[in-house]
Amino acid sequence: MGGLAAMLVALPSAIAFGVTIFAPLGDEFGSRGAMAGILGATALGLIASIFGGTDRLITAPCAPAAALLAALSLDLGRRGTPPETVLLMLMLIGLTAGALQIAFGLSGIGKLIRFIPYPVVSGYLSAVGLTIIGGQLPRVLGADKTTSLWGALLHPEGWRWESLLVGAVVIGVMLGAPRLIRAVPAAIIALLSGVLAYLALGGANPTLWQLQHNPLIVGPLNQSEGALFDAMGQHMLTLRAWTPALLAQVFMPALSLAALLSIDTLKTCVVLDAMTRSHHNPNREMIGQGLGNIGSALLGGIPGAGTMGASLVNVSSGAQTRRSGMLEGLFALLAFLLLSSLVAWVPIAALGAILLVVGYRMIDWHSLAFFRTASTRFDFLVILTVIGVALVFNLIAASGAGIALAAVLFLREQSRSTILRRKLEGGEMFSRVVRHEVELKILLRDGFKMVIVELQGALFFGTANQLYQALEPEIGQRTYVVLNLRRVQSLDLSATHALEQIKDRLEAAGAYLIFTEIPRGLPSGLKMKRYLREVGLVRDTEKALAFRDLDQALEWIESQMLSTEPGLAPVEEKPLELDQIEALLGWKPGCLAAIAPAIEARHYAAGTKVLNLGGPEDELLFIRQGTVRVLLPLQGKDHWHIGTFGRGDFIGEMGFLDPSRRAADATAIDEVDCYVLSRERFNALADAHSAAAAHIFEGIACVLAMRVRFMNKELRALRT
């Protein structure tokens, strides 16, 4: 039932579209246009459904194709182009548009077509609706088929009251039938009402019952099977007259048509996905649609796309698979063979009235509300521009304007979005190297010398000036400017040039430009680090550096700051003793010496594990000499750097305070000497030296509290 119901919706519109396209060529071409509409519905339904693969989608001749091709046909006819040449050009447009759709699918562009901005699509569809109304209103008025809209409106003496009455009946039924009858599509009821109204008028004017050479009706069709195949064969023979010059002439209309049909199809597919909880393949569907349009053009049909109305009726009728689309094509062919005598009596005014309603519904009236809000007023102007270009020039020019405006909209949105995620002062973030209190005070004091600039989004010619303005205030104010590029999504030469200007000015001021977390690859496929190296921005110089992650950069900067501090004592070569560790930690003198019998000295070679993830150790390690890096393993080979600890620091405090399995790994970076205090041996002496034990717990708590305070400071900075 799904395919039959869909055919009842699609077929009247297909006939109307065909007549609209072919009517400007002469009265005798109206019936040929009706046949082209039926053949288009047949070929598209069969071929597109087989190769497209989207379940429940109905492919048939559509309004955008009719509007574009009818305008072209009318324009060529006014220029005096022979009808045979016009028919050949229409055929070539259909073939080329189909080939372009196949190219869209094979190259993956099918996914990109969905991202054309809504204002452009809205303006184009509204322009199509207005074009259809402008082309069909003279037909409803009964004016000559070659008369333009303004010519018909300015010369009411050429109107036919019979056409006006039939058109009014059809429009009334199209609008009122859905409120009374839902089982039968309104277009079918309206078309039959138009035929009955026309035949009834023949009682008062018998000339209306004349079938041959009657400009008010479609006219006789070649309904026999032999005549049908003979017409198809003759149509394909017209291809012999094509020339490269003619193909070049139709390329732009074909490109516009291919884009329009693709957008119409994919929009319908998205709606079907939402209704049926399915997922279509846009590239495969483009290939199927292209093959369908090529087949339709070869058989003498008109182009089409996945149509919304027929597809929704198909779903509501219980269709489940793509076979419903194939059945729609077969039913269209049967309707042509069995009902062609009825189609011959369809009034041109009835078809025009149906298309008037279709055109009215295509206009995006909701877009008028965009003018009321300042934030959407530019989008409203885009819609008006596309409509204006279509009405003043043609739909082909409007498609070009739409593509240009799509680029403008993209640039506007990109330039309006900020590329600066945040700026952090040096005193708000530190490396994972654990520092003593005196070192932290120095880093806090000199934090103004460093700024961390986190960038985001697209760095391209539209945001290059914004990038320069964000970094220029730091020149002369900072010694270290750190650029975190982790959230950058694209980069071009203009943005690179802006960065190079900043780098040169920083170098002239004796400052450093430091890159961190350079993405391995951007969504575009660009290898960012290699690109920056090739353009000379990241190279081994004294003032331009690159680090794998932010922590490494901060560690290097902190080392630079501390190395120039005259008040810091130089690092001694020999291992620290217990009293020296107490002094560096700020603990009460003698607290560690009191439990010295429980403390043992231990040595770790470079690269060996000091603490093991998951181990049951409960030892507190005081580092006498060397450096230990603590890492938390993540998924795969990734890890989180918890901290780097050096002379006078301690590690393992969590397991010492709450004996359990270790949560991280600790590795000796170089030769490490340490004092080890196990909780078991500590407990054995704690009662005898309760004061020393209390001081040790107090000292551990103070160090942990200091670390938590600095971590909270970083978290507050990151939340801004």
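## Overall build

A contact here means heavy atoms within 4.5 Å. Among contacts in the protein with a separation of 6 or more, 81% join residues 24 or more positions apart. The model is predicted.

The protein has 720 residues, and 52% of them are buried. It holds 26 helices and 15 strands. Its accessible surface comes to about 33000 Å². Carbon and sulfur atoms account for 62% of that surface.

## Cavities in the structure

How many cavities of 30 Å³ or more does a search of the whole structure find? The search finds three. Two of them are described below.

## The largest cavity

The largest cavity holds about 60 Å³ of space. Its lining includes Gly-426, Met-429 and Phe-430. Leu-443, Asp-446, Gly-447 and Met-450 also belong to the lining. Leu-554, Ile-557, Glu-558 and Met-561 complete the list.

Which helix gives the largest share of this lining? Helix 22, which spans residues 550-563, supplies four residues. By class, the lining of the largest cavity has seven nonpolar residues, two polar ones and two charged ones.

## The second largest cavity

The second largest cavity has a volume of about 50 Å³. Ala-48, Ser-49, Gly-52, Gly-53 and Thr-54 are among its lining residues.

Most residues other than glycine have a negative phi. Two residues in this model are worth a look on that point.

Arg-56 has a phi near 75°, a positive value in a residue other than glycine. Where does Arg-56 sit? Arg-56 lies in the loop between helix 2 and strand 1, which covers 59-61. Is Arg-56 buried or exposed? Arg-56 counts as buried because its relative accessibility is 12%, and buried means under 20%.

Glu-517 is not a glycine either, yet its phi is positive, at about 50°. Glu-517 is placed in the loop between strand 6 (512-516) and helix 21 (528-534).

Technical notes:
Residues numbered from 1 in each chain as written. Predicted model: local features only at pLDDT ≥ 70, side-chain atom pairs only at ≥ 80, totals over all residues. Heavy atoms only, no water. 1 Å grid on protein atoms, 1.4 Å probe; cavity = no way out; pocket = protein on both sides within 12 Å on 5 of 7 lines; lining within 4 Å. Points joined across faces, edges and corners; volume = space filled by probe spheres on them. Helix = DSSP H or I, 4+ residues; strand = E, 2+ residues; numbered from the N terminus. Nonpolar A, V, L, I, M, F, W, Y, C, P; charged D, E, K, R; others polar. Buried < 20%, exposed > 50% of the residue type's maximum accessible area, 1.4 Å probe, protein only. Areas by Shrake-Rupley, 256 points an atom, 1.4 Å probe, with all protein chains shown as cover.
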